[in-house]
Amino acid sequence: MTPFEERVERRWSDGKTTWRSVDLGTVDSVPLGEGRAYTVNNLGIAVFRQRDGQLFATESTCPHRNGPLADGLVGDGKVICPLHAQKFDLTTGHCAGEDMAIRTYPVREVHGHIVVEIGPQTLA
Amino acid sequence: MAGARVVEEILQRDAQRFAITMFGAEPYGNYNRILLSNVLSGSQQMEEIFLNPLLWYSERNIALHAGVKATSIDRVRRLVIGKPMRPTSLPYGLDGCDQSATPIAESYDQVIIATGSRPFLPPMEGMDTPGVFQFRTVDDCGQIASYAKQCKKAIVIGGGLLGLEAARGLLTHRVEVTVLEAMPQLMTAQLDPESATLLKTTMERMGVQVLLEQIATHILGDERVTGLRFKDGSTLETDMVVVSAGIRPITEIAKDSGLTVEKGIVCDDQMRTSDPDIFAVGECVQHRGVLYGLVDPIWEQAATLADIITEKNPQAAYVGSKLATKLKVMGVQLASMGATKPAQPDDEVVLYREPSRGVYKKLIIRDDKLVGGILLGETDTAGVLTQMFTLETVLPERRADLLFGSSNGAPILSVFDLPDHAQICNCNGVSKGGIKEAILIGKCHSVSKVGAHTKAGMGCGSCKSLIMQLLEVYAGEVVEDPSEHYYVPGVPLTKPELIAAIKAQGLKSVSAVFRELAGGKEDPGSKVGLASLLKSLWPHEYEDERDARFINDRVHANIQRDGTFSVIPRIYGGVTSAAELKKIAEVAEKYQAKMVKLTGGQRIDLLGFKKADLPAVWKELGIPSGHAYTKAFRTCKSCVGTDFCRYGLGDSIALSQKIERRFQGIESPHKMKLATAGCPRNCSEAYVKDLGAVAIEGGQWEIYLGGAAGGSVRKGDLLCTVTSHDEVLRYMGRFMQYYRENGKYLERSYGFVERLGIEKLRDVLVHDTEGIGTRLDAEIEAAVAAYKDPWEEATKPVHENQFTNPLAVSVREEEVRA
């Protein structure tokens, strides 16, 4: 991983809450077609790298029974939780056929690095 | 919402022309206020109802003053003036600006006012007592939810759409909820008295108390709310109060700037206020004397205004909306549109009621057109009715079809009568014309084919019954949905078709199958099934893609409910040694296994390892993988056979060890658990295994197929009787290969054997009636030869992060606080 200072770091405030961009390291730390979990301070984030290169970021656990979403199966903008096969849309967070959803985060690739935008909830 | 929607509409029409500046009293970008009740009930997170985050604005060069309230428009100097909000004030409050802050002024050519509305506060004393909330913004929602945690009882003031949604939301926070409504019924605007009474009963069954005709005058309590006092002097205890008694347009800025304001900001059909350069849109607007509080009319206004401002259609006019709505309360089905009661002498009322099921359906028809409707308890036809209501379609003669759908198999006339431009799929915006074309020209004769062709029905799926009706009309018949016969849902082929296509095109990887056979769409639910199939079709050439494996097969251990993994070393035939046991015990201790469990398959399950410890666990064990994961051959259990047993007729231990060594890791449609028994006493339960071999008198072995003692219990069927271990291995291998080729994915052997019948299997596998015996033997031999112990990855991981725990990224603390 790149030293912290070299990473993309950006934050902006709207007066009440702080948004920030956090560099999670190089894109190839997430194998193509899979997900990987990160903890940013105490916040769990799962990053998914679809085979077509698209990146997605969500909260790291399934609201159903806390399944580790990064260990799920990914494709077509969806992830399937490895514990009980709850299927979530990675863009909206909606769960197919269920009345629950996961939090999603804006994420993009910057110079080969994964940059996720965290907000408006505060980082611990 | 309205303001951002107009901007979106404008950008869609002309992204370059305008320099856009926005003021917003709330500190966020915009969000979908309609979903606030979902946030309150916890079914959606706050973040996912945000429509456009702050980044969206900056990427489009929109200057957004978030948290700054526009306070006046200087029409002479053509300036909009705003002031930052105090962090604690309500964005919809009457004041709330930080008076000491420097005002912000922006010049303009045109102004759009989209100030929306604020909650109506009924006249009541003590409204500022802590514990009293309004239900309007995402911050209100957060505060209500967190305050509810310390409460036992809550009162919602207002029995309208929003009040009931708030009440349902509060229920999920485990408070006793009472709804107060000043009128004699709930949802006065949308329901008639009878349906409102039914709804009241339904809400009460869900645990929401409803008090009608109750007007509270005082909120009681000093430091925090303790109760309410009513007009008649009676009181009611509560820990919190949520006010949701209607909305009032926010019009101060328009008034202060000298625009015409009545109940709302008065606008013409082009959404223009009394100043030709100032427009207004949304809940703050009064148009033709009407104020709207629902989303559809506001979207229509926004589209009209964008047409006017960009001059894309200077003739555009908004002429008012017809109101139809649904109650978004979990467990209640309710749709309402237009009038709730007849208004003219010739109005026809069609009514159906079934109080025991809480079903009530009412239509009000004028000149053969729908002018009002209420559907409670059953809303199947709500989609068609809403269409017919908004489009003013002439109704079919048989009104019952409108309430219950088609009863006699004949096409429902309502869909047939819709004009081609009527939108059928509201998720993907597909019109009746588009679907008709797919059916007539595209020859799509099933709902799923229409979906694949047009995307209709691929969203929430609620329009599928309409698509079905269109199929009945235009195709004359609905073809049974073939997708249930697909091997995996994401590739539209049955197993034989899929195998043929894979072989013909030489597809060796899961992604290649998606690319060539599924239009490039990588259905995650189909990956594992395809991987299993490909691996059995190409034992040597299969291109293993790790993302197509279930997590268990990526780390070669079984995921457990807490996200840890369990490891099962292979113990051939259940026979181990003191040295092996010691090694297992040491590893269990060193890596702190949470449990050491003897399995039903005669092995030792080490539970509760961290993912990152798995490679070390394997290396130190030095025993091959026991495959407690993977849809594959698992174990071959055995009794002690002839070595020690007084009754033993055949050497079941040696046989089971041969079986395990030969078939370890062989993948199949589902897991395979085997057993060998040294005599028909069957101590190893071989009759109820996927495959079993039982020794009988005379040096013979009976081979059983399709036994089960799990979710199903079934004694296996006798395939044949043989005289040697080698023959047992041969027939078991033949069966496995045949099952690999013909079993449906996730079809257990007992389902497969029952489906095909033991006679057929005996013909093919023993009598070789199809002449494929030799080929099956060769194929399974190739699969056996291709086996590699996956635990080799302990020393050579496929990906550097294959076994890592969550990667920690720390953000410097001082920056977070800033």
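A disulfide is a pair of cysteine sulfur atoms within 2.5 Å. By that criterion, this predicted model holds 0 disulfides over all chains. C636(B) has a relative accessible area of 0%, and for C720(B) the value is 11%. Because buried means under 20% relative accessible area, C636(B) counts as buried, and C720(B) is buried too.

Let's move on to a pair of helices in chain B. Helix α22 spans residues 652-663 and helix α23 spans residues 725-742. Their axes come within 10 Å and cross at roughly 40°, which means that α22(B) lies oblique to α23(B). The crossing of α22(B) past α23(B) is right-handed.

Which residues make the contact between α22(B) and α23(B)? From α22(B) come A654(B), L655(B), K658(B), I659(B), R662(B) and F663(B). Across from them, α23(B) supplies H725(B), V728(B), L729(B), M732(B), G733(B) and M736(B).

From here, follow the chain into the loop between α22 and β34 (672-677) of chain B, where you will find H670(B). Is H670(B) buried or exposed? With a relative accessible area of 14%, H670(B) is buried, since the cut-off for buried is under 20%. Leaving aside residues up to four places away in sequence, H670(B) touches K631(B), A632(B), Y739(B), L746(B), E747(B) and R748(B). One of these partners, Y739(B), brings us back to α23(B), whose residues are 725-742.

Technical notes. Residues are numbered from 1 along each chain as its sequence is written. Chains are lettered from A and ligands numbered from 1 in the order in which they are written. This is a predicted model: local features need pLDDT of at least 70, side-chain atom pairs count only at pLDDT 80 or more; totals for chains, interfaces and linings use all residues. Side-chain values use heavy atoms; hydrogens and water are left out. Buried means under 20% relative accessible area, exposed over 50%, partly exposed in between (1.4 Å probe, protein chains only). Axes are lines fitted to C-alpha atoms, for helices over the stretch in contact, and angles run from 0 to 180 degrees between N-to-C directions. Helices (H or I, at least four residues) and strands (E, at least two) are DSSP runs, numbered from the N terminus. Angles under 35 degrees count as roughly parallel, over 145 as roughly antiparallel, 65 to 115 as roughly perpendicular and the rest as oblique. A crossing is left-handed if the near helix is turned anticlockwise from the far one by less than a right angle, and right-handed if clockwise. Contact means heavy atoms within 4.5 Å.
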